[in-house]
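Here is a short note for a colleague who is opening this structure and would like some points to follow. The points are numbered, and each can be read beside the model.

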Amino acid sequence: MDADTNNDDQIDIGINSSSSSKLVLYSYWQSSCSWRVRFALKLKGLIYEYKAVDLSKGEQFSPEFEELNPLHFVPVLVDGDVVVSDSYAILLYLEEKYPQRALLPAADPQQRALNLQAASIISSSMQPLHMLSLLKYIEDKFGPDERLLWVQTHIEKGFLALEKLLIDFAAKLMCFWPHKLLLLL
């Protein structure tokens with residue numbers, strides 16, 4: 001499945017940039033990490049090829065995918081000879097390699113740091129604590145009730161931290177970056 005290729009806002013990186021590589025995104029439709037990358041690609045107007053990796057069927061353990069990411073996680077972005085895994089690293093890579101339609105505020109170091117801090121809270125402090133592999137382990141060891149309690153506790157803790165972090169900046173960010181705030185979630 002290819003990204004929307006009929007959108008005039010998209011940039012064909014093979015023609016309109018110095019790179020002749022083609023972007024390929026290995027992704028799972030239910031992965032919020034993958035959503036972040038798909039949002040970023042869309043916001044930047046980049047055309048990419050979508051390669052589905054069905055985590056529910058264990059496709060992330062195939063030898064081909066293991067060559068791309070030995071941790072067996074999605075998303076993985078392939079840009080020619082460059083392979084980048086982890087949504088946060090992919091977002092930073094895209095921001096530097098394809099600077100058109102910046103995702104981060106360039107002029108204001110405080111807003112840039114705030115965006116990076118919020119993104120880090122999600123990608124480092126929340127997301128890993130409700131990954132499928134961890135939740136399966138918790139359910140196998142302690143039961144489905146403990147799995148649900150674990151998820152609720154850690155997601156609530158993360159969102160409370162984000163709320164405190166962003167309380168004074170939410171209105172300002174929404175005025176200047178309303179569609180880009182989605183990347184954080």
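**Notes on the predicted model**

1. The largest pocket holds about 680 Å³ of space. A pocket here is an open set of points on a 1 Å grid over the protein atoms alone, where a 1.4 Å probe fits and protein lies on both sides within 12 Å along at least five of seven lines, and lining residues have an atom within 4 Å of a point. Grid points are joined across faces, edges and corners, and the volume is the space filled by probe spheres set on the points. The lining of this pocket counts 28 residues, and L55, F73, Q127, M131 and L132 are the ones nearest its centre. Helix 6 contributes the most to this lining, with four residues, while helix 2 is also among the elements that supply at least two.

2. On the basis of these notes: the model is predicted, so that local features need pLDDT of at least 70 and side-chain atom pairs count only at pLDDT 80 or more, whereas totals for chains, interfaces and linings use all residues. Residues are numbered from 1 along each chain as its sequence is written, and side-chain values use heavy atoms, with hydrogens and water left out.

3. Helix 2 covers residues 32-44, and its 13 residues reach 18 Å from the first C-alpha to the last, close to the 18 Å expected at 1.5 Å a residue; that expected span is 1.5 Å times one less than the number of residues. Helices (H or I, at least four residues) and strands (E, at least two) are DSSP runs, numbered from the N terminus. Among the buried residues of helix 2 are C33, V37, A40 and L41, where buried means under 20% relative accessible area, exposed over 50% and partly exposed in between (1.4 Å probe, protein chains only). The buried residues of this helix pack against strand 1 (23-27), strand 2 (48-52), helix 4 (87-97) and helix 5 (109-126), with contact meaning heavy atoms within 4.5 Å. After helix 2 comes G45, which has a positive phi near 75 degrees.

4. Strand 3 (residues 76-79) is covered on both faces, with V76 and V78 buried on one side and L77 and D79 buried on the other. Strand 3 runs antiparallel to strand 1, joined to it by four bridges, and two strands count as paired if DSSP finds at least two bridges between them. Within this pairing, Y26 stands opposite V76. Strand 3 also pairs in the antiparallel sense with strand 4 (residues 82-85), again over four bridges, and V82 is the bridge partner of D79. Two residues lie between strands 3 and 4 in this hairpin, and G80 in the turn has a positive phi of about 65 degrees.

5. How many salt bridges are there? The count comes to six, a salt bridge being a side-chain nitrogen of Lys or Arg within 4 Å of a carboxyl oxygen of Asp or Glu. K136 and D140 form one of them, with their closest N and O atoms 3.0 Å apart; because they are four residues apart in helix 6 (residues 132-142), about one helical turn separates them. D140 counts as exposed, at 54% relative accessibility. E49 and K51 form another, at 3.5 Å between the closest N and O atoms, and K51 is partly exposed at 32%.
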